[in-house]
Amino acid sequence: MTTRRLDPLPERLPERLPERRPEAAPAARSEAAPGGPRPGGELPLSALQEAMWVSWQVAPRRWAHLLPLTLAVRGELDLDRLRAAVAALCVRYPAFGARVVVTPQGTRLGWAGVPDIPFVLTEGDERSVSRARRRPIDLARGPLARTEVVRGPHGVTVVFTVHHLVLDGASVPQVLDELSRAYRGERLDGPQDLAPFAEHARKSWALAVGEEGAPLREFWRAALSGAAPARPLRVGAGSAPVVAPVPAGLAAEVKRTARELRVTYFTLVYGALFAVLRHHTGAEDLIVSTAHHGRRGTPLAQQVGSFAGLLPVRQRLRGEDTFRELSRRLAQDVRAAAAHGGLPLSAILRAAGLSGPEARDRLPEVVLTHWNTVGSPHDVHRLDFGGAELDLVDATSASDQRLTVLLQEDRHGSSLLWQDHQGTLDHSLLTALAEDHLELLAAMAADPGRTLAEGLAGLGPSRSGGPAAAPVAAPPARPAEADEETVEALARVWRECLGVPAVDPQDSFFALGGHSLLATTVVLRINERLGAEVSVRDLFAHPVLADLAGVVARAPRTAGSGAAPARAGTVFRASRFQEGIWLAERLDPEHARYHIPLSWTVTGGLDPGSLRAALTRLTARHRILRARFVDQDGLLYQETLPEQESEVDSADLGGLSPAERSQWLADWSERAGRALEPARGRLLRAGLFEVGGSDQVLVLCAHHLVLDGESVPLLLRELELCHRLVTGRARTAPPPAQYHDRTEPETGSEAAAHWRERLDGAPASLELPAPAEPEPHGGVPIPLAAGTAAALLPVRLERKVSAFMIAAASVAAVLHRRTGQDDLTFGIPVAAHDRGEVLGPRLNTLVLRSRTGPETTLADLLDSVREGVISAFDHQDVPFESVVRALRPPRRAGRTPYVDVMVNNVGVARWSARLGPARLTPVDFVSRAEEVSKFPMTVTFTETSDALLGTLSYRGDQLGAAEAGRVAHDVGAVLSGFASGLATKLSEMDLGPVRP
């Protein structure tokens with residue numbers, strides 16, 4: 001047998017050489033070639049793969065989720081044999097040659113139209129290797145693997161890259177072993193059976209969103225809810241990886257200590273990582289993720305694929321904890337996490353209420369992985385390629401986490417690789433973390449009975465630089481029009497409005513948790529701070545920050561708002577929104593009742609005395625919470641009352657059944673709501689009730705004059721702050737912005753003209769069928785298929801719409817069908833907290849008009865609703881009352897013109913809190929009986945930790961229960977099949993009959 005040496009490469013090489021199929025090399029008996037046989041059909045994506053697909057769609061140029069297997073070559077390498085070996089490997093594992101396709105049944109792996117596996121030859125230095133490792137893979141085009149051979153002064157390097165969508169770290173040794181076997185001429189087994197993968201995908205979705213996964217989701221909700229905000233690591237210009245070999249003697253001592261404590265070596269390394277992060281961030285409540293493969297003892301045990309996810313493990317570190325206690329507690333927590341590890345990280349975060357920006361706020365983006373090839377039958381550090389040896393020099397993937405720590409154990413010993421994948425960390429900090437981590441490992445091995453305080457004191461002062469400003473990822477590329485200052489200013493606005501600690505220029509507004517209601521706040525701040533005339537339409541058309549920065553750079557400049565805050569005093573004029581509520585209650589006191597009941601389950605024990613003191617401090621900080629409202633000559637004013645100790649009702653409900661307890665709490669909220677009298681003030685009531693064991697329920701009831709739904713996350717953060725102040729965990733706090741300090745924007749003639757033109761000739765009523773005799777008010781759930789929220793993600797990203805726009809389009813479709821009207825209106829609420837976070841109500845009602853024709857499809861309707869929402873938000877400053885006065889529509893008793901139906905969206909992702917040891921988890925904010933009294937029909941949607949939920953509430957005097965049930969059923973049917981029904985004409989939808 002002869003081999004061909006790697007000849008000198010020509011001066012210019014083609015970018016890729018897929019078209020010329022090599023002759024079958026004698027050494028590789030497989031008949032495979034880059035364009036070889038591929039399976040027919042398609043393979044459904046698992047929930048984990050779907051999350052990676054969505055992540056790629058948001059930022060397709062980022063190199064996250066790549067597995068670049070970098071092999072240093074020693075000896076002579078035959079290129080033809082290597083090419084044939086790669087081809088044989090890709091026949092063995094068909095998923096490597098696939099792409100992601102979007103079908104009516106969902107996203108899948110497909111093979112039709114996929115190009116050949118690239119085999120690229122390059123001449124260059126180590127920077128060329130780095131570029132080869134980071135070059136992204138187009139998931140929509142495929143294939144999902146490539147080979148690049150780089151030759152230069154450093155020698156020859158083979159970079160075999162596979163996307164994490166089809167390969168995880170546990171499969172790497174087997175893949176590399178088979179690659180070397182194919183190169184040596186051994187025949188590989190036939191194509192991998194894909195049937196277990198389809199079953200795994202089905203199982204993953206059942207756990208992620210179905211009833212089967214409810215116990216797992218409940219575990220993660222309890223484990224992670226109420227996590228303290230992460231404190232960011234110090235930002236820098238980016239850092240090269242830091243390799244920290246563990247001295248052989250130290251590794252032996254740590255392993256001996258681990259055996260004595262009956263934990264693993266990995267556990268002690270993990271515990272030291274938690275401790276060193278505590279030292280450098282000052283945080284005592286930390287979450288650090290670790291990889292979990294979860295296929296031992298399953299049909300997937302020997303399969304090559306992508307089954308590994310991340311488990312976010314949480315530790316509360318106290319200075320008095322010993323290393324022994326930390327290690328044993330951590331070992332238990334890791335075992336518990338692994339036992340509930342059947343969920344992808346996205347489902348875990350949703351279960352804990354940490355989806356969207358909440359995840360970025362609560363998680364420090366640190367992950368520890370373990371690569372142990374000691375005793376493995378596949379030696380990845382000395383791969384036999386016939387006349388050459390290939391050594392795997394880097395086993396890590398391109399993670400989308402900010403900091404990845406790899407514990408590597410192999411024949412060379414033990415080492416730790418610290419990597420700054422996003423290029424945002426200070427190099428001195430990364431070095432300090434690596435050095436301090438080894439110091440802590442030595443301290444743990446020397447005396448596991450030492451406390452954390454003693455061990456950390458030995459490290460000296462933290463080199464993190466103290467609390468850091470929110471980090472900003474260094475942008476890989478920016479539009480030419482957007483200078484550095486514009487991008488940074490825009491990123492700062494996004495961080496504030498979305499509640500995230502860092503924003504990358506390639507991040508999407510929607511992927512970070514942005515929605516329609518929040519878009520107005522973002523645009524207002526951009527216009528105010530940057531002096532640029534941009535609109536909500538611009539944001540929806542350019543949701544990626546770098547693209548929007550280009551729009552801002554080109555936008556006309558304004559002089560800025562220049563509005564001065566109102567002068568502080570005792571009495572202040574009420575806002576237009578407050579005047580509207582006050583007037584509605586006076587005109588219709590029976591139905592127009594505007595109190596907001598809020599409730600949380602409490603675990604961990606909440607002391608009533610500290611709660612009372614915290615609420616007292618809260619009302620002292622925010623004057624709106626101790627205001628009373630008075631009528632002076634027909635105008636409404638709010639008067640600030642003196643500070644006074646808050647009251648907290650209490651009762652023991654442990655003896656009641658769940659149904660009786662729910663009714664008791666509803667009755668308490670009803671009584672508390674009726675007791676809220678605007679003229680007397682003190683419009684926030686509280687109750688803390690025992691429900692058995694150490695569990696409690698916290699219930700707050702506030703008047704809409706002082707609070708709205710958009711203010712609840714701020715209310716909770718302020719309550720957390722006040723609780724820390726009264727319990728001594730915080731000393732000082734900056735004064736908050738006050739509601740009356742914020743002036744309202746003036747209504748321009750252009751905005752008013754927009755509404756007159758938009759609603760000219762629109763019907764003021766839907767003519768909903770009222771029952772012959774008034775019925776009780778009520779509410780019915782909207783039945784939605786499992787996985788609806790996940791199925792809507794591709795639609796949202798492709799069509800640049802929010803989930804709320806899709807929900808509103810579904811409601812509009814049903815209203816058109818059930819009323820027979822081709823021209824109708826409905827309302828949506830908007831809350832613009834336009835100048836920083838201010839506690840208090842800022843709601844306005846916007847009117848959407850929907851018109852259809854015989855050929856209108858669901859996609860057409862979605863486009864129309866999208867345009868309507870954006871246009872309405874562009875002109876939201878006109879009060880709804882002013883719109884009605886200008887248009888003078890026909891009035892009907894008990895009806896609001898244009899708003900027989902209100903479509904609402906409630907986001908509760910940041911409605912959890914932690915008061916000392918107590919965790920507060922929201923109970924139910926989707927359906928409230930009070931809402932049905934305001935409009936004939938109110939449709940409310942929310943995304944919970946499990947799925948998309950919806951409720952239809954109705955006034956029984958204006959809509960019967962039977963009709964409400966039919967509407968709810970139809971809305972659920974449209975929304976559940978929305979992704980696959982975009983081309984369907986509204987007139988052909990399989991819904992209830994059109995009303996004559």
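Reader: Which residues make the contact of helix 8 with helix 12?
Author: In this predicted model, Leu268, Val269, Ala272, Leu273, Ala275, Val276, Leu277, His279 and His280 of helix 8 meet Leu429, Ala432, Leu433, Asp436, His437, Leu440, Leu441 and Met444 of helix 12. Contact means heavy atoms within 4.5 Å. By class the contact has 13 nonpolar, three polar and one charged residues; Ala, Val, Leu, Ile, Met, Phe, Trp, Tyr, Cys and Pro count as nonpolar, Asp, Glu, Lys and Arg as charged, and the others, Gly among them, as polar.

Reader: Why are helix 8 and helix 12 called oblique to each other?
Author: Helix 8 (residues 265-281) and helix 12 (residues 427-446) pack at about 125°, with axes 9 Å apart. Angles under 35 degrees count as roughly parallel, over 145 as roughly antiparallel, 65 to 115 as roughly perpendicular and the rest as oblique. The pair is therefore oblique.

Reader: What makes helix 24 and helix 25 oblique to each other?
Author: The axes of helix 24 (residues 803-819) and helix 25 (residues 858-874) come within 9 Å and cross at roughly 120°, and these helices are therefore oblique. Their contact divides into twelve nonpolar, no polar and one charged residues.

Reader: Why are the buried residues of helix 3 said to line one face of the helix?
Author: In helix 3 (residues 126-134), Ser128, Val129, Ala132 and Arg133 are buried, that is, under 20% relative accessible area (1.4 Å probe, protein chains only). Seen down the axis, they fall within an arc of 140°, so they line one face.

Reader: How are residues numbered, and what pLDDT do local features need?
Author: Residues are numbered from 1 along each chain as its sequence is written. Local features need pLDDT of at least 70, side-chain atom pairs count only at pLDDT 80 or more, totals for chains, interfaces and linings use all residues, and side-chain values use heavy atoms, with hydrogens and water left out.

Conventions
Buried means under 20% relative accessible area, exposed over 50%, partly exposed in between (1.4 Å probe, protein chains only). Helices (H or I, at least four residues) and strands (E, at least two) are DSSP runs, numbered from the N terminus. The arc is that of the directions from the helix axis to the C-beta atoms. Axes are lines fitted to C-alpha atoms, for helices over the stretch in contact, and angles run from 0 to 180 degrees between N-to-C directions.
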